[in-house]
Amino acid sequence: MSNDTKTTALAAEHTPRMELFKLAPEAYKAAVALEIASKKGLDPVLVELVKIRASQINHCAFCLDMHTKDALAAGESVERIVQLAAWEESRHFYTEKELAAIELTEAVTVLTDGFVPDEVYAKAAAHFEEAELAQLITVIAMINVWNRIAVTTRLSPGHYTPGSLKR
């Protein structure tokens, strides 16, 4: 049998564990309100880069699906999205401001040392006005909330269409 005629079945899609947002609608509404507020005044492409990077770190397939699609819809390139997983070796794809945001995203998301290093915070503070930095920190915190909900409840990737969620 040639490779042209051989078909390979994909693995079965996992079933979500629960519909948390239907079971906790007030929490969902509050999270959506904070999500909307967190993005105000920030570049939508930067927001998506931050969300993709945190979702890569947290292994959140649902959010990776969503935010890569949203980034593409916002005009981001496939090349920059692909290189984001190895941004330290691909720094030349990003602005210094984007790099500061990505590095802060990693520090806030991982917290392995129990704190965000002063030099990482200072680098972000040098590129963002104080109010803008506050918004960025909130965006990072919110994607971590969404990642933890999606990973825990096993939301299934592949079904999201940009603009289908009112956030």
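The model is a predicted one, so local features need pLDDT of at least 70 and side-chain atom pairs count only at pLDDT 80 or more, while totals for chains, interfaces and linings use all residues. Residues are numbered from 1 along each chain as its sequence is written, and side-chain values rest on heavy atoms, with hydrogens and water left out.

Start with the helix pair. Helices here are DSSP runs (H or I, at least four residues), numbered from the N terminus, with strands (E) needing at least two. Helix α4 (residues 61-73) and helix α8 (residues 130-153) have axes that come within 8 Å and cross at roughly 130°. Those axes are lines fitted to C-alpha atoms, for helices over the stretch in contact, with angles running from 0 to 180 degrees between N-to-C directions. α4 and α8 are therefore oblique to each other (under 35 degrees is roughly parallel, over 145 roughly antiparallel, 65 to 115 roughly perpendicular, and the rest oblique). On the α4 side, the contact (heavy atoms within 4.5 Å) uses Phe62, Cys63 and His67, and on the α8 side Ile143, Trp146, Asn147 and Ala150. By type, that makes five nonpolar residues, two polar and no charged; Ala, Val, Leu, Ile, Met, Phe, Trp, Tyr, Cys and Pro count as nonpolar, Asp, Glu, Lys and Arg as charged, and the others, Gly among them, as polar.

Beyond residues up to four places away in sequence, Asn147 touches Ala54, Ser55, Asn58, Cys60 and Cys63.

As for those cysteines, the whole structure has zero disulfides (pairs of cysteine sulfur atoms within 2.5 Å). For Cys60, the nearest cysteine sulfur is that of Cys63, 3.3 Å away. Cys60 is buried because its relative accessibility is 1%, and Cys63 is buried at 3%.

Now the cores, meaning sets of buried Ala, Val, Leu, Ile, Met, Phe, Trp, Tyr and Cys residues joined through side-chain atoms within 4.5 Å. The largest has 15 residues, and Val50, Ala101, Leu104, Phe128, Leu133, Leu136 and Ile140 have the most contacts inside it. At least two residues of this core come from each of α3 (44-57), α6 (96-110), α7 (118-127) and α8. Another core lies apart from it, with 12 residues, including Val32, Met66, Met142 and Ala150.

Terms used
Buried means under 20% relative accessible area, exposed over 50%, partly exposed in between (1.4 Å probe, protein chains only).
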